[in-house]
Amino acid sequence: MYRIHRKCEKIRWLVHTGIPMKLALKILKYLVGIVVVLLAAGFLLPAGYSAQRSMTINAPTEKVFPLVASQKEWKRWSVWNQRDPAIQMTYSGPEAAVGSKWGWKSQSEGNGGMEWSAVEPNKRVGFILAMEDMTPATGDLTFAPDGAGTKVTWVMNGNAGMNPVFRWFGLFMDKMVGPDFEAGLQNLKKLAEAA
């Protein structure tokens, strides 16, 4: 009982002297300072970001290209579609041509859409990717002969604008999106090589 009483007296003395309040205010001041410095540093970071991955597929371009150019085929190999089997998809515009669009709604993958900005048969598919609350990104999937196979390169570029938080994310975009590109290309490889 005596020990409890002594501890209570020490706590009252600390509260009465204001030491915990001073300490809490000091910690808060430093935390606010760190946040301000990180936000300010965010404005100094580059606005542009990119992600890129490549993979050689042991199949001719004529077999690989249609699996990418047709947006309806993406559900067979895209890692995003596979992560959420309940994803809701809508398609519009011409099939496998400039202006072809698809949109999706997903609890886990977010809401967004993609539009083909360029289609060069067996060479390139250009896209505009729009995700909810983000500035649209652009990119390409290019196809080049590689021995008896096809080298597919998936590139995405974007601009974080003046948002310092998005600029910090931009620094890590390749590490965040790159593994998804790799997994998608691996799935595309399996699909094209099995056909």
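**View 1. Strand E7 is mostly covered.** Of the 11 residues in strand E7 (residues 149-159), 8 are buried. Buried means under 20% relative accessible area, exposed over 50%, and partly exposed in between (1.4 Å probe, protein chains only). Strands (E, at least two residues) and helices (H or I, at least four) are DSSP runs, numbered from the N terminus. This is a predicted model: local features need pLDDT of at least 70, side-chain atom pairs count only at pLDDT 80 or more, and totals for chains, interfaces and linings use all residues. Residues are numbered from 1 along each chain as its sequence is written, and side-chain values use heavy atoms, with hydrogens and water left out.

**View 2. E7 pairs with E1 and with E6.** Strand E1 (residues 48-57) meets E7 in the antiparallel sense over 10 bridges. Here Met55 stands opposite Val152 of E7. Strand E6 (residues 137-146) is also antiparallel to E7, over 9 bridges. Ala144 stands opposite Lys151 in E7. The E6-E7 hairpin has 2 residues between the strands, and Gly147 takes a positive phi near 65 degrees. Two strands pair if DSSP finds at least two bridges between them.

**View 3. The open sheet has 7 strands.** Their order is E1-E7-E6-E5-E4-E3-E2, with antiparallel pairing. E1 and strand E2 (88-92) are the edge strands; each pairs on one side only. Neighbouring strands are turned by 20 degrees against each other on average, direction ignored. Axes are lines fitted to C-alpha atoms, for helices over the stretch in contact, and angles run from 0 to 180 degrees between N-to-C directions. E2 and strand E3 (residues 101-105) pair in the antiparallel sense over 5 bridges. Met89 has Trp104 of E3 as its bridge partner.

**View 4. Helices H3 and H6 lie across strands of the sheet.** Helix H3 (residues 61-69) lies across E1, strand E4 (112-120), strand E5 (124-131), E6 and E7. H3 runs at about 165 degrees to E6. Helix H6 (residues 173-194) lies across E1 and E7, at about 25 degrees to E1. Contact means heavy atoms within 4.5 Å.

**View 5. Seven residues make a nonpolar surface patch.** Val35, Leu39, Val165, Phe169, Leu171, Phe172 and Met176 form about 600 Å². Helix H2 (19-44) and helix H5 (164-171) each give two or more residues. H5 gives the most, with 3. Met176 lies in helix H6 and is partly exposed, with a relative accessible area of 38%. Patch residues have over 30% relative accessible area and no salt bridge; nonpolar side chains (Val, Leu, Ile, Met, Phe, Trp, Tyr) are joined within 5 Å, like charges within 9 Å. A salt bridge is a side-chain nitrogen of Lys or Arg within 4 Å of a carboxyl oxygen of Asp or Glu. Accessible areas come from the Shrake-Rupley method with a 1.4 Å probe; for residues, only the protein chains shown count as cover.
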